Each structure stands twice: as structure tokens, then as C-alpha cells.
Amino acid sequence: MTRAVTTPDLAIVPGPNENLAQAAAAGGGNLGPLSEATTGLIVGGRISAAELSRQLTEHPGIGWVQLPSAGIEAYAAAIADHPELAWTSAKGTYARPVAEHVLALTLALLRRLPERVRASSWGTQAGVSLFGAHVVVLGAGGIAIEIIRLFRIFGVRITVVRNGPERVVEADRTISMAAPAANADLPDASAGAEPPNSGIGAAEHGVPLGEVLADADVVVVAAALTAGTRGMVGAAELGRMKPGSVLINIARGALVDTDALVQALAAGALAGAGLDVTDPEPLPDRHPLWAEPNALITPHTANTQEMARPLIAARVQENVRRWAAGEELEGLVDPAAGY
């Protein structure tokens, strides 16, 4: 899939990025401006898909592109224009800080902390323990595995919902939404990074998602945004959740129907929602969710720039080393799957 280059000529777009430049050099790359000699391109900042595609067309010697994010939807057009290239994303790279944020939002909602932050009087006792809860994770990639690892200390029961046919061994139960013969996975928010121990045994098939959600105390949306996952948690799914349950979304806002969520929270159909992502995003001022007392919203900070910087640098360094050695790259994108 790759070719040995020994000391590959690399470029960073749209401009200089010292963090990634140091990582590329540490991996054995030779950094310089875009030229006929460039074989690898590292995206280190905001660039439109059209501009990226144009630069790739003008430099046909490029064989590999490293993207800075786990999700690839912003670059989908460029990937479609150049399917012959090896595309890699940051999928799996940011799993630990994102899973940590999931745990923080979950505990805050179960312990009714949003209510107490706003309180101006003593109030009444309230709160639910995470110990022994049933946690459902939608998605089966790197973030899901890290969530399972962090939540295990609470003695929870964990169900993973995926499209792939294989069981996630770290989970207590794996539900497949795909037909038994399918081979595509419900992508994780880290955009499809495969669980390290998946593939041992088969997942359960034929279990409706609503049935799974009806038994959940915590539902975590940890899937990548694709045509098949957009709006996967809508009015019907929210309507099946228990009144005391909480929904956490740290993936993409469009995976959840925002209007349906507003209505569910207002009706008390679930106890709370922890949202690091929204649709639309940023969430406009005076949006109903801001006034919802049981919504805890953070501004897409499950993985901040400070957290991400060393993590993406490590991915770049390793992939430069692999590109130079002709080894398979980490975080390879599947254009057909969308992650």
C-alpha cells in the first residue's frame, strides 16, 4: 500500500506548523515547500477541500495525505477527487481525552451538578450513582474501547452497538445493526479506529436499537458522522429511553436530532443530556438548549488544542516513519465508508 522512500520529502499546508514539523523531522522526513519532489502532505490547519484538492492535482508526486482530525467529512470532496492516494486521519488518536470527557459529563449529570451550579438555596437530596449502571455505547472504535476501560471501575454493564458482525470482547454485549453477512463497522467518533480486541466471536443480530436503549441508564453517542449515521438518535430513539437515563454526545452534533432532544428534555423523557457537540454548532445564543436545566453543554472541548497537539504529533511522527519504510500507515481512511 505504501512505498519505501528512505527520507521522504514532505510539506505542511496551509502554512508552517512547528509542532508537526518537529514530529515529521523526528519521523525521518525532509520538510520543505510543496514541489515536484513532495511525496507526503501533512494538513496542519484549516484548508478547504477545494484548495486541498487543487494542490494535490498540481503536485502529482504526492502519494500520502495526513489529515489533522478524526472525522473526515470536511475533506470528503478532496478525498473523492483523489481516491488513488493513501489518506490517513487522526482516528483513534484522541480517544483518551474524549473518553475522559464522557466520564465527566456522565457523573455531572447523574449527580445533578448542573442543578447545583445554578442553585441559590440548600435544596433537596438528589443524584444517582454510576455504579452498576447499564451503559450503551453507539460506536465500536477507539473511543468506545477507552470509555469501556474508564467506566469498568464503576462495575457497569456495557453494551456496544455497531454495524459490524463481530463481538467487541471488552463489552458485556455487542449488538450489530447490520445484516449478519455485513462487514462494515458503525464508525466510532475517532472515525472508525478498530477496537484492538474485536473480531473474537460474533455480535448479536436482529435486536432493535430502541429495545437496547430502553434498558440503558447512560447512552453515549461515539460514532462518526456518515450518511448512514446522520440523525441516528431521533424522536423514536429518545422516546424509548428511560425517564432517569442520560444521553452523552461527544461525536458530532448531527448524529442526534436536536429538535427531538429539546422536546424530550422538556417533557422529562430523560434525565439529562451532556453535549460537547451540537447541531447547529456553535449552538446559537438563546437556543432552547441553553435554557434547559438538564442540559450540560461544553463547546467542543472534549479534546482541546492543548490536549491534541502532542497526540497528533505522535501520529504524524509514526506515519512519517512508516511512509519512509514502506509500512502500512496508521489511521488509514476508507473513502467508501466515510471514515
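Residues with a relative accessible area under 20% are classed as buried, those over 50% as exposed, and those in between as partly exposed. In this predicted model, glutamate 318 has a relative accessible area of 21% and is therefore partly exposed. The side chain of glutamate 318 meets that of arginine 322 in a salt bridge, with an N to O distance of 2.7 Å. Both residues belong to helix H11 (residues 305-325), where a spacing of four residues separates them by about one helical turn. An α-helix has 3.6 residues a turn, so residues three or four places apart point the same way. The pair forms part of a network of salt bridges that links Arg315, Glu318, Arg321, Arg322, Glu327 and Glu330.

Across the whole structure, 15 salt bridges were found. One of them joins the side chains of arginine 173 and glutamate 204 at 2.8 Å, N to O. Arginine 173 is located in strand S9 (residues 173-176) and glutamate 204 in strand S11 (residues 204-205), so this pair ties together parts that lie 31 residues apart in sequence. Arginine 173 is partly exposed, at 31% relative accessible area, and glutamate 204 is likewise partly exposed, at 34%.

A further salt bridge, also computed at 2.8 Å from N to O, is made by the side chains of aspartate 217 and lysine 242. This pair links distant parts of the chain, 25 residues apart: aspartate 217 is in the loop between H7 and S12, and lysine 242 is in the loop between helix H8 (235-240) and strand S13 (246-249). Relative accessibility is 24% for aspartate 217 and 30% for lysine 242, which means that each is partly exposed.

Aspartate 215 occupies the loop between helix H7 (209-214) and strand S12 (218-221). With a relative accessible area of 36%, aspartate 215 is partly exposed. Leaving aside residues up to four places away in sequence, aspartate 215 touches His134, Arg157 and Lys242. The C-alpha atoms of aspartate 215 and serine 245 are 9.2 Å apart in space, although 30 residues separate the two in sequence.

Helix H6 (residues 142-151) is mostly covered, with eight of its 10 residues buried. Among the buried residues are Ile143, Ile145, Glu146 and Phe151. Their cover includes helix H4 (95-110), together with strands S6 (134-138), S7 (157-162), S8 (166-168) and S12.

On the surface, Asp257, Asp259, Asp279 and Glu281 gather in a patch of negative charge.

Note on methods: Residues are numbered from 1 along each chain as its sequence is written. This is a predicted model: local features need pLDDT of at least 70, side-chain atom pairs count only at pLDDT 80 or more; totals for chains, interfaces and linings use all residues. Side-chain values use heavy atoms; hydrogens and water are left out. Patches are made of residues with over 30% relative accessible area and no salt bridge: like charges are joined within 9 Å, nonpolar side chains (Val, Leu, Ile, Met, Phe, Trp, Tyr) within 5 Å. Accessible areas come from the Shrake-Rupley method with a 1.4 Å probe; for residues, only the protein chains shown count as cover. A salt bridge is a side-chain nitrogen of Lys or Arg within 4 Å of a carboxyl oxygen of Asp or Glu. Lys and Arg count as positive and Asp and Glu as negative; His and the chain ends are not counted. The place of a charge is taken as NZ of Lys, CZ of Arg, CG of Asp or CD of Glu. Helices (H or I, at least four residues) and strands (E, at least two) are DSSP runs, numbered from the N terminus. Buried means under 20% relative accessible area, exposed over 50%, partly exposed in between (1.4 Å probe, protein chains only). Contact means heavy atoms within 4.5 Å.
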